[in-house]
Amino acid sequence: TDPLPFRWQDATTVLINNRWYLLGGAAENEACSNRVACANVDLLLQNAVPSNRYATVDKTKKSSSVWEVLPNTMYYGPTAASPGGSLLAVGGTTSSNVSNPQVAVYVYSPYSSVWAHITDLPA
């Protein structure tokens, strides 16, 4: 199996062009996270371990992680959206303790590895 790059729970996810993106949730010891990672779904499935407990797994096969850690979002705990194949981080909070909610919407550019502010949600 290919472990996640962080101990993670409650991440919001989207699938864009066969890449699975995980944003926010809670990672490691944070109450709320601004971490982001993605993986190619085909590679994840190739590295999957059979669920049959009697199946044999070739443990000599070395596999580099298929997970790619991306730049953190601007805010903690955003919701992910993927209109038109773009990765959006919507809302969140300014700290990992879930205070001070935000209305900003950011889009991620895989070409420049940058999050750019595109709009704010209506009040």
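When I say contact, I mean heavy atoms within 4.5 Å. This is a predicted model, and I will start with one residue in it.

Now the core. The largest nonpolar core has 15 residues, and the ones touching the most other members are Val14, Tyr21, Leu23, Leu70, Leu87 and Trp115. At least two core residues each come from strand 2 (12-16), strand 3 (19-23), strand 5 (36-40), strand 8 (87-93) and strand 9 (101-109). Strand 9 gives the largest share, three residues. Another core lies apart from this one; it has nine residues, including Trp8, Ala27, Ala39 and Trp67.

Next, charges. How many salt bridges are there? The count is one. It pairs Arg19 with Glu68, and their closest N and O atoms are 2.9 Å apart. Arg19 is in strand 3 and Glu68 in strand 6 (residues 67-70), so the bridge joins distant parts of the chain, 49 residues apart. Arg19 has 25% relative accessibility and therefore counts as partly exposed. Glu68, at 39%, also counts as partly exposed.

Last, confidence. The protein chain averages a pLDDT of 83, and 83% of the residues score at least 70. Over residues 59-63 pLDDT stays under 50, and the model has two contacts for them beyond four places in sequence. Where pLDDT is low, the predicted coordinates should not be read in detail.

Key:
Residues are numbered from 1 along each chain as its sequence is written. This is a predicted model: local features need pLDDT of at least 70, side-chain atom pairs count only at pLDDT 80 or more; totals for chains, interfaces and linings use all residues. Side-chain values use heavy atoms; hydrogens and water are left out. pLDDT is the predictor's confidence in each residue, from 0 to 100. A nonpolar core is a set of buried Ala, Val, Leu, Ile, Met, Phe, Trp, Tyr and Cys residues joined through side-chain atoms within 4.5 Å. Buried means under 20% relative accessible area, exposed over 50%, partly exposed in between (1.4 Å probe, protein chains only). Helices (H or I, at least four residues) and strands (E, at least two) are DSSP runs, numbered from the N terminus. A salt bridge is a side-chain nitrogen of Lys or Arg within 4 Å of a carboxyl oxygen of Asp or Glu.
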